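Here are a few notes to read alongside the structure, written for someone meeting it for the first time. Please keep the view open and follow the points in order.

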Amino acid sequence: MADFSLELNEDQLQIQKWVHDFAADVIRPVAPEYDQREETPWPVIEEAAKIGLYSWEFVANVFADRTGLTFPLVFEEMCWGDAGIALAIFGTTLGVSGIVGNGTPEQIAEWVPECFGTPDDIHLAAFAVSEPDAGSDVSSLRTRAVYDEATDEWVLNGTKTWITNGGITKVPTVHVVVAAVDPELRSRGHASFVIPPGTPGLSMGQKFSKMGIRASHTAEVVLDDVRIPGRCLLGGKEKLDERLARAREGKSTRVQAAMSTFEASRPLVGAQAIGIARAAYEYALAYAKERVAFGRPIIMNQAIAFKLADMKMHIDAARLLVWRACWMAANGKRFEAGEGSMSKLYAGEVAVRATEEAIQILGGAGYVKDHPVEQWHRDSKIYTIFEGTSEIQRLVVARAISGLHIP
Ligand SMILES: Cc1cc2nc3c(=O)[nH]c(=O)nc-3n(C[C@H](O)[C@H](O)[C@H](O)COP(=O)(O)OP(=O)(O)OC[C@H]3O[C@@H](n4cnc5c(N)ncnc54)[C@H](O)[C@@H]3O)c2cc1C
């Protein structure tokens with residue numbers, strides 16, 4: 001087990017600087033353009049692939065860090081650059097988490113490299129759980145997966161909504177879909193499936209126009225008699241049958257397809273929120289030292305200086321929660337008190353507050369598009385909504401600390 005340490009090692013410092021430079025030199029300059037156009041930043045994704053940042057090798061290397069801290073460092077720097085572009089590049093990792101969290105070693109070896117492709121043949125991945133009537137309430141999924149024994153195929157039907165990278169066909173895109181195999185068992189009857197790129201029957205429905213993270217593609221995914229080989233069931237049929245049998249007997253089943261993915265990814269979502277919050281804090285601090293009102297820089301007013309002190313304190317506290325959860329996850333420690341949810345919850349709310357305070361510190365300049373803080377505020381809001389709303393995170397923590405199934 002790796003000791004928990006706040007002292008970053010040489011490798012981590014190097015990666016942090018490398019990603020920061022990419023965020024500063026490549027992402028930030030084009031961020032307002034993609035926010036305005038609301039398009040996938042293909043040239044930036046290509047550049048990230050070219051330098052090896054968007055690659056299976058890099059992500060595997062980062063996953064292998066036993067301290068657990070390299071991933072949050074990478075996400076914080078990327079989102080310091082721009083959260084929408086960062087998600088356009090690393091939204092794939094959600095699909096990857098779905099495969100790593102539920103797949104066999106053979107499936108992980110086969111499908112995860114497929115999610116990234118190569119610099120000359122970029123692929124993406126999406127993780128599709130949410131449906132029009134099943135967002136927070138994942139147990140209400142209507143998408144069905146039915147096994148066709150004659151052909152050893154699974155047949156999927158349903159509609160997924162708000163899916164990051166959902167339905168993209170410009171490049172081969174791997175979809176990891178959570179569907180109900182036995183709807184009566186609610187979430188215990190769910191399973192995860194890999195839908196290989198180009199599978200007939202999978203198409204994109206509505207592409208959504210959003211308030212923030214506008215460079216990240218969000219769309220419906222329609223599954224119309226999608227047939228996939230039996231080997232695309234993550235974890236394999238034998239394990240699924242055993243799990244369903246246990247659930248039918250009323251025995252506990254530890255694996256719930258969507259939940260195991262979200263557990264692993266929530267602290268990293270928190271790290272993204274910290275990147276936005278830090279960007280806003282740094283911008284507001286610099287502005288407050290420059291901007292003169294009543295004959296002195298506005299930071300010389302305690303009303304402004306104390307806002308900045310609070311922003312810094314909350315950002316640092318959020319980072320400590322995120323790093324703790326990432327370290328626990330990397331070292332196989334169970335989240336006894338909802339530590340993963342706690343970190344995402346706090347970081348998301350800090351980002352919303354910090355970006356709003358940044359607008360306030362800039363005054364009128366904060367409200368117009370000449371400065372990036374209004375965009376950062378719009379971008380921050382999703383962090384209290386996706387991968388579990390703030391209310392749902394509080395529910396997870398409350399249940400964990402009380403041992404009670406609070407409804
Ligand atoms: C930009 C974007 C990207 C997304 N990407 C993905 C993706 O890649 N894959 C994917 O599967 N999904 C994705 N989502 C979906 C996202 O995870 C859901 O929107 C989120 O989980 C909330 O579900 P909902 O929108 O149905 O809200 P609802 O569940 O309808 O909730 C509405 C409100 O009620 C509250 N609420 C609900 N139940 C309770 C309760 N029991 N107690 C207290 N309050 C409650 C919620 O907190 C919220 O405030 C994305 C969404 C967006 C907007």
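1. A word on terms first: Ala, Val, Leu, Ile, Met, Phe, Trp, Tyr, Cys and Pro count as nonpolar, Asp, Glu, Lys and Arg as charged, and the others, Gly among them, as polar. With that in hand, the shell around the ligand can be sorted into eleven nonpolar, seven polar and four charged residues. Please bear in mind that this is a predicted model.

2. Let's stay with the ligand for a moment. Which residues come nearest to the ligand? Among the 22 residues around the ligand, they are Val129, Gly135, Ser136, Thr389 and Glu391. Strand 3 (124–128), strand 5 (153–164) and helix 15 (390–402) are the elements that each give two or more residues to this shell. Seen by domain, at least three shell residues come from domain 2 (122–248), and at least three from domain 3 (257–402).

3. Now step back to the whole chain. The protein has 15 helices and eleven strands, and is divided into domain 1 (10–118), domain 2 (122–248) and domain 3 (257–402). Along the principal axes, its C-alpha atoms fill a box of roughly 80 × 50 × 40 Å. The radius of gyration is 21 Å, which agrees with the value near 22 Å that a compact globule of 407 residues would have.

4. The centres of domain 2 and domain 3, taken over C-alpha atoms, are separated by 31 Å. Their contact takes eleven residues from domain 2 and nine residues from domain 3. On the domain 2 side, strand 7 (residues 190–195) gives the largest share, three residues. That side of domain 2 divides into seven nonpolar, four polar and no charged residues.

5. Finally, a helix pair to find in the view. How do helix 5 and helix 6 lie to each other? The axes of helix 5 (residues 70–81) and helix 6 (residues 83–90) come within 6 Å and cross at roughly 130°. Angles over 145 degrees would count as roughly antiparallel, and 65 to 115 as roughly perpendicular; helix 5 and helix 6 are therefore oblique to each other. Met78, Cys79 and Gly81 of helix 5 make the contact with Ala83, Ile85, Ala86, Ile89 and Phe90 of helix 6. By class, the residues of this contact are seven nonpolar, one polar and no charged.

How values were computed:
Residues numbered from 1 in each chain as written. Predicted model: local features only at pLDDT ≥ 70, side-chain atom pairs only at ≥ 80, totals over all residues. Near = placed C-beta within 6 Å. Helix = DSSP H or I, 4+ residues; strand = E, 2+ residues; numbered from the N terminus. Domains from an automatic or database assignment. Axes fitted to C-alpha atoms, helices over the stretch in contact; angles between N-to-C directions. Parallel < 35°, antiparallel > 145°, perpendicular 65-115°, else oblique. Contact = placed C-beta atoms within 7 Å. Rg over C-alpha atoms; globule rule 2.2 N^0.38 Å.
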